Amino acid sequence: MGELKLMKGNEVIAEAAIRCGCDGYFGYPITPQSEIMEYLALREPWKETGMVFLQAESEVAAINMIYGGASCGKRVMTTSSSPGMSLMMEGLSYIAGAELPCVIVNIVRGGPGLGTIQPSQADYNQATKGGGHGDYQSIVLAPATVQEMYDFVELSFDLAFKYRIPAIILSDGVIGQMMEKVTLGEFKPRWTAEQIEQMSGSWATTGMKGRKMNVTTSLRLQSEDLEKHNNNLQAKYRTIEKEEVRFDEYMTDDAEYILVAYGSSARICHKTVELAREKGLKVGLLRPITVWPYPTKRLQELAQKAKGMMAVEMSAGQMFIDLKLAVNGKTPVEYYGRMGGMVPSPSEVLGALEKQLIGGANNE
């Protein structure tokens, strides 16, 4: 049985990295994720596991250090928050183009610009639509609990290496700063040189003695070559969409109205469902765990019997667009959200649901 502790969401991200055998962390402090770096600095993992920890001179430097470490077949990660993530986008595009695995954590804050240090979900489009230049995707996991903040670090590394793709953990200041009980797993050793060769010998720049050194690049000057590469990437993304969709549901079996929310908004909507049920309203919740790939197929199935769906998010309705595309007119779809660091309450969400969907249906 694992070790049970009361920990902050940001802290468990750092602890999970140490325990799952991460080789290197490169980052730069920015609120509300700075506790990740502070925790690693205090834990001194280099003494325990040999894990490299380095505060880079900027987010641009950090993402390019990730590029270098990933190209060697190492398990490397960085963390940041919204403005810092924007600075990383060029490097992230290079990493995706070179098909390198890595883990990136975004503890989202309100924007645009410097905005606020309060929680937000306004980086959804940046994370799920690539964010940088070119046609690429990253796997994006959205934790709703501190336990998931811990669990998704190892899962992200597994998925990143399985598909040679960047994996993003998309959270926010609510979950990053809150404290909950979390079960910590056992320590897993970092990969040996032999294991790195086994996992990444066909593409990593370095490897066992006697093997020819690989070249890692996203540069392809010939249009035909680049198109072929892009077609291969798109085929991989279609496989991920088929194989790696993750979501959970709450009281959807008999639900007439479905709330769709991820991360901290899903926690709020969980309580909204209970409040609605107390009033005799048949409301359920679908929570995307992977916001890319998105649970389109399951939403289409639910739309066949639902009287309506509502996207709830702390943004101007970025996920709302994906929900509408998924449902494709099979049932009415509405949106409720707060912006700029404002966090909606369960009663607010219920009021919006009754006004925008249930009230309208009853009037018909």
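1. The domains cover 3-194 (domain 1) and 247-363 (domain 2) of the protein chain, with bounds from an automatic or database domain assignment. Their C-alpha centres lie 28 Å apart.

2. Before going on, some bookkeeping. This is a predicted model, in which local features need pLDDT of at least 70 and side-chain atom pairs count only at pLDDT 80 or more, while totals for chains, interfaces and linings use all residues. Residues are numbered from 1 along each chain as its sequence is written, and side-chain values use heavy atoms, with hydrogens and water left out.

3. How much area is buried between domain 1 and domain 2? About 2,100 Å², with carbon and sulfur atoms giving 54% of that; buried area here is the accessible area (1.4 Å probe) that two parts lose on being put together, summed over both. On the domain 1 side, Gln121, Tyr124 and Ala142 lose the most area to domain 2, together 34% of what that side buries.

4. Now the polar side of the interface. The rule finds 16 residue pairs in polar contact between domain 1 and domain 2, both residues at pLDDT 80 or more (a pair of N or O atoms within 3.5 Å; within protein, one must be able to donate a hydrogen and the other to accept it, and residues adjacent in sequence count only if both atoms are side-chain atoms). Three salt bridges are counted between the two domains, a salt bridge being a side-chain nitrogen of Lys or Arg within 4 Å of a carboxyl oxygen of Asp or Glu.

5. Lys129 and Asp322 pair through their side chains at 2.9 Å, N to O. Arg287 and Glu148 do so at 2.7 Å; Arg287 sits in strand E11 (residues 283-288) and Glu148 in helix H7, so this pair ties together parts that are 139 residues apart in sequence. Arg287 is buried, at 8% relative accessible area, and Glu148 is buried too, at 13% (buried is under 20%, exposed over 50%, partly exposed in between; 1.4 Å probe, protein chains only).

6. Glu244 lies in the loop between helix H10 (223-243) and strand E9 (247-250) and Lys162 in helix H7, so parts 82 residues apart in sequence are tied together.

7. Have a look at Glu99 as well, in the loop between helix H5 (82-97) and strand E5 (102-108). Glu99 is buried, at 19% relative accessible area. Its side chain makes a polar contact of 2.7 Å with that of Lys236. Leaving aside residues up to four places away in sequence, Glu99 touches Arg164, His229, Leu233 and Lys236.

8. Last one: Arg338 and Glu348 form a salt bridge at 2.9 Å, N to O. Arg338 is partly exposed at 24%, and Glu348 is partly exposed at 26%.

Key:
Helix = DSSP H or I, 4+ residues; strand = E, 2+ residues; numbered from the N terminus. Contact = heavy atoms within 4.5 Å.
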